[in-house]
Amino acid sequence: MKIQILTPETVIFDGEVDSVLLPGKNGEFHIMKNHAAIVSALEYGKVKIFVKDIEEKYAKHFTKENRPESVYAFPIKSGVLEFNSNKGIILAE
């Protein structure tokens, strides 16, 4: 599935991921391939993308989590997610 993470300043990430874990208003939630369409507000926390590898131009924005699978985290203050047809856009601050 394709995920874009955008801030007012730059594109943080644009590419294929296995899944993404997000800090929602009611707790963390996981978006995986073929997830139902959703629009959700995000709050302070980390957006975590599950991906085999991350392009060098995006890697500077992320920290690699210490987990068995490849997980990269990006901290946000707030934001919104729109996900539909295996494409997601995260607008973050």
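The legends below describe close-up views of a predicted model.

View 1. Leaving aside residues up to four places away in sequence, Ser 78 touches Leu 42, Glu 43, Leu 91, Ala 92 and Glu 93. Leu 42 is 36 residues apart from Ser 78 along the chain, yet the C-alpha atoms of the two residues are separated by 5.3 Å.

**View 2. The largest nonpolar core.** This core holds 24 residues, of which Ile 5, Val 20, Leu 22, Ile 49, Phe 62 and Ile 90 touch the most other members. At least two core residues come from each of β1 (2-6), β2 (11-16), β3 (19-24), β4 (27-32), β5 (38-50), β7 and β8 (87-92). Strand β7 supplies the largest share, five residues. In soluble globular proteins, nonpolar side chains tend to be buried together.

**View 3. The contacts of Ile 90.** When residues up to four places away in sequence are not counted, Ile 90 touches Ile 3, Gln 4, Ile 5, Leu 6, Val 20, Leu 22, Leu 42, Val 47, Val 80 and Leu 81. Among these partners, Ile 5, Val 20 and Leu 22 are, like Ile 90, named with the core residues that touch the most other members.

**View 4. A nonpolar patch on the surface.** Val 39, Val 80, Ile 89 and Leu 91 make up this patch, and together they have about 320 Å² of accessible area. Leu 91 belongs to strand β8. With a relative accessible area of 43%, Leu 91 is partly exposed.

Note on methods:
Residues are numbered from 1 along each chain as its sequence is written. This is a predicted model: local features need pLDDT of at least 70, side-chain atom pairs count only at pLDDT 80 or more; totals for chains, interfaces and linings use all residues. Side-chain values use heavy atoms; hydrogens and water are left out. Contact means heavy atoms within 4.5 Å. A nonpolar core is a set of buried Ala, Val, Leu, Ile, Met, Phe, Trp, Tyr and Cys residues joined through side-chain atoms within 4.5 Å. Buried means under 20% relative accessible area, exposed over 50%, partly exposed in between (1.4 Å probe, protein chains only). Helices (H or I, at least four residues) and strands (E, at least two) are DSSP runs, numbered from the N terminus. Patches are made of residues with over 30% relative accessible area and no salt bridge: like charges are joined within 9 Å, nonpolar side chains (Val, Leu, Ile, Met, Phe, Trp, Tyr) within 5 Å. Accessible areas come from the Shrake-Rupley method with a 1.4 Å probe; for residues, only the protein chains shown count as cover. A salt bridge is a side-chain nitrogen of Lys or Arg within 4 Å of a carboxyl oxygen of Asp or Glu.
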